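Biologist: Hello! Could you walk me through this fold, one step at a time?

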Amino acid sequence: MQYDNGGELLVAHLESLGIDTVFGIVSVHNLPLVEAVDRHLRFVPVRHEATAVNAADGYGRARGSIGCALTSTGTGAGNAAGSLIEALSAGTAVLHVTGQVESQYLGSGRGFIHETKDQLGMLGAVSTYAATVTSARDAGRVLREASAAALATPGGPASVEWPIDLQYAAQEDAGEAVPSGEAPSPDAAELASAQALLAKSRRPLIWAGGGARHARPELAALLEATGAGLIGSNSGRGSVPEDHPLVIGNFATNHAARALLADADVLVTIGTHFRSNETADYNLKLPEAHIQIDADAAALGRVYPVRHALHAEAAAVLPALTGAAVRADADWSARVTAVRDEVRAALHDDIGPQAAICDALATALPRGAVVARDVTIPSSSWGNRLLPIHDPRANVFPRGGGIGQGLGMGIGAALARPDEPTVVIAGDGGLAVHFGELLTVAQERPRLTLIVFNDGGYGVLRNMQDKFGERRSGVDLFTPDFGPLAAACALPYARIAAPEEAVPVLEAALASDGPTLVEVDLTALGPMKNPFTPPVKIPTA
């Protein structure tokens, strides 16, 4: 195939992936790419390169596929690095295409505009794949390799740097296919032993991580066949709809869930990293009878000992376990459902007046609508646990824990699914990291409700310092008046200052066909019963 320039080639490649919207910032070093995307697809000019990657990430998650971000070279590519780290941590598919200086000056170190030292090395450190386009004949191959790497297991962002002279050049693409990797296959003896162990189990539990989201029917079948309880990491939420009576959810460190783990006679874990914040810094005890399934061989036994390690895609191996499974004792399944109700009721009570907002969202949101959550107290306390998730594509949040990324992810998700409302839960501190993206929201007008929980600073760190220290440092911040700020950005605005205001305000915002900024005044609303602090260790005397 022949293309007039690199932009036309890129568009053809994106169309082959089903991508219709691209996020980025235009530059002298990516102009042919941006212009072609803008001619044929939808180009969304975000205000910061980090947001371009976050938005592409959210777009891909909401669709269950891949997103694309375009950035400039040098500082522009560097600005994207933090968001690439998030996609790498989450294993989410992002095609990141960045400009580069003219090929004849690559690596010369002469200070060419937008040049940076070893840009490819930097990208390689924060991407699952990184490559340079070296000629007008290999760009298509590089794009296909990058996309395949991003979509493979364990996945992550793939970065392509493209010298500007080669972007302008006529392209010749041979269209050669990228070899696909061989699917992992579990050891037959290990699988047989796992089947035998599960066949004897009467008190089983299942732990679903992010890898379970690609095996939803198979996981549901195992759950029904066993009557097991389903604990989910944050990344695995929605793999089975969370209104299922056997879904305990993201409550592994709750005392009642810990008691279940202590009494379980087998635990099947699926595609989970066992992150520190979900295992109480690895102090959570798991049953010795542990069957671990993961497509990433390095994950098997990495955090917890495993009796039977199954190196496989979950969808391929779960039916074999289901076929061997027997039903759990009836009193065990009843206990699972009781624990499910207990942990939810306890958290609902613990968050005090914020429960009204959680309840209003759960009632007003269409089933499966995206809830993008930045790192903030409402997300960490109840948004990641109590607010129900019924579809893993609705579960959008920074898995690496970086603050300020939620709005960009929400913008991407909202434009990926324009016919239904998207919600972003953010704090005033996190939102301030990328205030400029309010202008992106104002310009693109997605169907997005941005809920800003305003406590005048970094509430999580403030609570930690109040609990463990003698003074506050860096946590109390100047916060704008969000009403005039929204007006300046031509955004509708509403405020929640009492529990009874949650339903009417949120119902109206979610019914809108465009964006709304909703401020939750936490001072007026009132505090949680117990100030939230994260599960991290603070040395004390």
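Predicted model: local features only at pLDDT ≥ 70, side-chain atom pairs only at ≥ 80, totals over all residues.

Biologist: Then let's start in a helix. How many residues apart in helix H3 are Asp-57 and Arg-61?

Modeller: Helix H3 covers residues 49–63 and holds both Asp-57 and Arg-61. Their side chains meet in a salt bridge, at 2.6 Å from N to O. The two are separated by about one helical turn because their spacing in H3 is four residues.

Biologist: How many salt bridges does a search of the whole structure find?

Modeller: Side chains of opposite charge can pair when their charged atoms come close. One such case is a network of salt bridges that links Asp-455, Arg-462, Asp-466, Arg-472 and Asp-476. Over the whole structure, the search gives 23.

Biologist: Arg-216 forms a salt bridge with Asp-391. How many residues apart in sequence are the parts that this pair ties together?

Modeller: The closest N and O atoms of Arg-216 and Asp-391 are 3.6 Å apart. Arg-216 belongs to helix H10 (residues 216–226), while Asp-391 sits in the loop between helix H15 (377–383) and strand E16 (395–396), so the parts tied together are separated in sequence by 175 residues.

Biologist: And which residue forms a salt bridge with Asp-349?

Modeller: Asp-349 is in helix H13 (residues 330–350), and its partner is in the segment after helix H22 (522–525), 180 residues apart. With the closest N and O atoms 2.8 Å apart, the partner is Lys-529.

Biologist: What is the bridge partner of Val-22 in E3?

Modeller: Strand E2 (residues 21–24) pairs with E3 in the parallel sense, over four bridges. Within that pairing, Val-22 has as its bridge partner in E3 Phe-43.

Biologist: Which residues form the covered face of strand E14?

Modeller: In a regular strand the side chains alternate between the two faces of the sheet. In E14 (residues 308–311), Ala-309 and His-311 make up the uncovered face. Leu-310 is also the bridge partner of Ile-293, and E14 is joined in parallel to strand E13 (residues 290–294) by four bridges. The covered face consists of His-308 and Leu-310.

Biologist: One last question: how far apart in space are Gly-107 and Lys-117, C-alpha to C-alpha?

Modeller: Gly-107 is in the loop between E5 and helix H6 (119–125), and counts as exposed at 77% relative accessibility. Gly-107 and Lys-117 are ten residues apart in sequence, and their C-alpha to C-alpha distance is 7.1 Å.

Methods:
Residues numbered from 1 in each chain as written. Heavy atoms only, no water. Pairing = 2+ DSSP bridges. Buried < 20%, exposed > 50% of the residue type's maximum accessible area, 1.4 Å probe, protein only. Salt bridge = Lys/Arg side-chain N within 4 Å of Asp/Glu carboxyl O.
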